[in-house]
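Subject: Structure handover

Hello,

Here is the structure I promised you. Please open it next to this email and follow along.

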Amino acid sequence: MVRDGQPAVDRRQFLKVAGAAGGASVLAGCSGETGGDTDGESPATDDSTGTDTTVEQTTEKPSEVKTGGELVVTVASQAQTLNPHLGDQTTDSALAQAYSNSLLRFEQDGTIAGDLATDYTVSEDGTTYTLTLHEGVQFHGDYGECDAEAVRESFLKIITDKEYGAVNRGEFEGILWGEGPDGNQLDPASRITATGTYEIEFSLAKRDVTFPSKLTSYRTAVLPVEALDEHGEDFGTFDTGVWATGPFQFESAAASGPYEFSANPDYFKETEAGQLPYLDGVRYSVVPDGTVRNTKLKTGEAHVNPTVPANKVKDLENAGEVEVLSMPSVERINMYINWRNVEPMGKKKVRHALGHASNRQAIKSVKFAGRADPAWSVFPPWHWAYDEDAVSKYPYDIDRAKSLMEEAGEGDGFSLEVDVTNQPKFVDIAQILQQSYKKIGVDMSINPKEKGSVWGPWYPSEWDDEDEKEENREVGPPPEVEALIESIGYGFSADGYAYLGFHTRGYFNSSFYGDDEVDQWLEAARRTTDRAERKELYRKVQQKVTEFYPLIMQVWPHTNQGRRSDVKNYIAYPTRTPHVEQVFIDE
């Protein structure tokens, strides 16, 4: 177990939010020790968030564990890829939990634990991380042992092969590759070294307290480079499959599902009850309609539905043999606006007007049956970095919105075309906003699209050279793309919410926000071990971002996950990703 260096969440804020979810279990399942607030005591301190709450223990006595059977999990959308390095969709993450491992992992309460690594140490100056690996871990198929050299090759593939297109490559820029603090180019091959058969060392160019959280991402899962080279672009396709180290290994898949995995007989983890996994296999079935997902759960056609619509929770709670687990989530629903390239969204007062005209209470009550919270800031209200006093809020106020429109010279209103993913959640929210925006003269049209295509223009592309003047950079969607209603899921890390979402070069910066001062604060937060100092940096970030308002934040919906009562050891995570490693079926 990796030692705990994680600050706890704001307990009172978390419980306040969790209590609003209703009578369902707040945190069901125990996945390790809760984290203490040790921020600032060690260079190892990470910015992850522990709940510091009591959680229910679901692990059965060893004698009660049953083996065998296939678990059926419903997912709301198709996967994009089975290559975790390239994954960028919710279902990609869900599948990766079954077939792969990263060096470290987040527990349910936000603490960091070992996965492929058993432990790690950090040098006194906070720049060298040394991880000890489990011995004898085997890749699926005939790709050999996952030792330190294999880990090194996997990370070098992510970092050095730009054409490969690994999503998390940018996470390591400036510390393992790219330009270092002294202005010289960094050599990743000399900074990632196998210092023993089962010991891997990362030598960072500068202190980065968020580094452990970077090693928890499924996008840094360790893959056999031999398989990547052998299969090339076919690696991770549904016809070819995937090879990694996880508890389950690829069997078959189709683009529209199902995705089927069988137990890995050589998996390296075991419990007092014996070898993991307990199941013979797991099958993920794509079921876009929430009502149909619930029906399958009630009839027993499915065992787990990790995405229960909030307005369907009561229906499931009244059904026999089914339990619903609810908790605050890490997902924020936004209306992204092309403020850089489409007028009048470039006017701050117009953005503020749209904020005041957003009827979040209607979204919360109508769409989420009260199981959501207004989104005002970079961080959710339960997070330790959230600062109530620093945040500019835009409560529903049509008169104020009209006044701002007049002040911006847009009193006559304008038309606005909004793309939405063609799921009921987003279409329904769009319709609520359509009605409220109409009251301030904004004629909003709704354009539903497939999830795979709707995000395309909103993926942050590479910003031009730093020497290029801001006004000359080609940033943001083209002018014909005006707005998007979608959600983005974060993890526990404060850096994930802030740096990745609002730094100029953050790869989740789909608001295309850029501010030199904010960039400096976010970079300083990565170097600062003292939690109070980091909180102050994040306070200033929240203050400036929410005042500028580059996107219209709507709500933080709660996560509601349903399971059959015969499904044991299912741990509900705020990230809504189903963890199936220790699940068994007690039929």
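Among contacts in the protein with a separation of 6 or more, 74% join residues 24 or more positions apart. Contact means heavy atoms within 4.5 Å.

This is a predicted model: local features need pLDDT of at least 70, side-chain atom pairs count only at pLDDT 80 or more, and totals for chains, interfaces and linings use all residues. Residues are numbered from 1 along each chain as its sequence is written, and side-chain values use heavy atoms, with hydrogens and water left out.

**The whole protein**

The protein has 16 helices and 25 strands. Both are DSSP runs, numbered from the N terminus: helices are H or I with at least four residues, strands are E with at least two. There are 587 residues, and 59% of them count as buried. Buried means under 20% relative accessible area, exposed over 50%, and partly exposed in between (1.4 Å probe, protein chains only). The accessible surface comes to about 22,200 Å². Carbon and sulfur atoms hold 42% of that surface. The areas come from the Shrake-Rupley method with a 1.4 Å probe; for residues, only the protein chains shown count as cover.

**Around strand β19**

Start at β19, residues 414-421. Six of its eight residues are buried, so the rest of the structure largely encloses this strand. Which strands pair with β19 in the parallel sense? One is β20 (residues 442-449), over eight bridges. Another is β21 (residues 483-489), over three bridges. Two strands pair if DSSP finds at least two bridges between them. You can check single partners. F414 has V442 in β20 as its bridge partner. D419 has L484 in β21.

**A four-stranded sheet**

Strands of a sheet pair through backbone hydrogen bonds, either parallel or antiparallel. Now find the open sheet with the order β4-β5-β9-β8. Its four strands have antiparallel pairing. Its edge strands are β4 (117-122) and β8 (192-196), and each pairs on one side only. From one strand to the next, the twist averages 25°. Between β8 and β9 (residues 199-203) there are four bridges. T193 stands opposite E201 in β9.

Helix α3 (residues 148-160) lies across β5 (128-133), β8 and β9. Relative to β8, α3 runs at about 180°. Axes are lines fitted to C-alpha atoms, for helices over the stretch in contact; angles run from 0 to 180 degrees between N-to-C directions.

**Aromatic pairs**

How many aromatic pairs does a search of the whole structure find? It finds 27. Rings of Phe, Tyr and Trp (its six-membered ring) pair if their centres lie within 6.5 Å; planes under 30 degrees apart count as stacked, over 60 as edge-to-face and the rest as tilted.

F155 lies in α3 and F172 in the loop between α3 and β6 (178-179), so the pair ties together parts 17 residues apart in sequence. Both F155 and F172 are buried. Ring pairs also link F155 and F172 into a cluster with Y120, Y129, F202 and F211.

Best wishes
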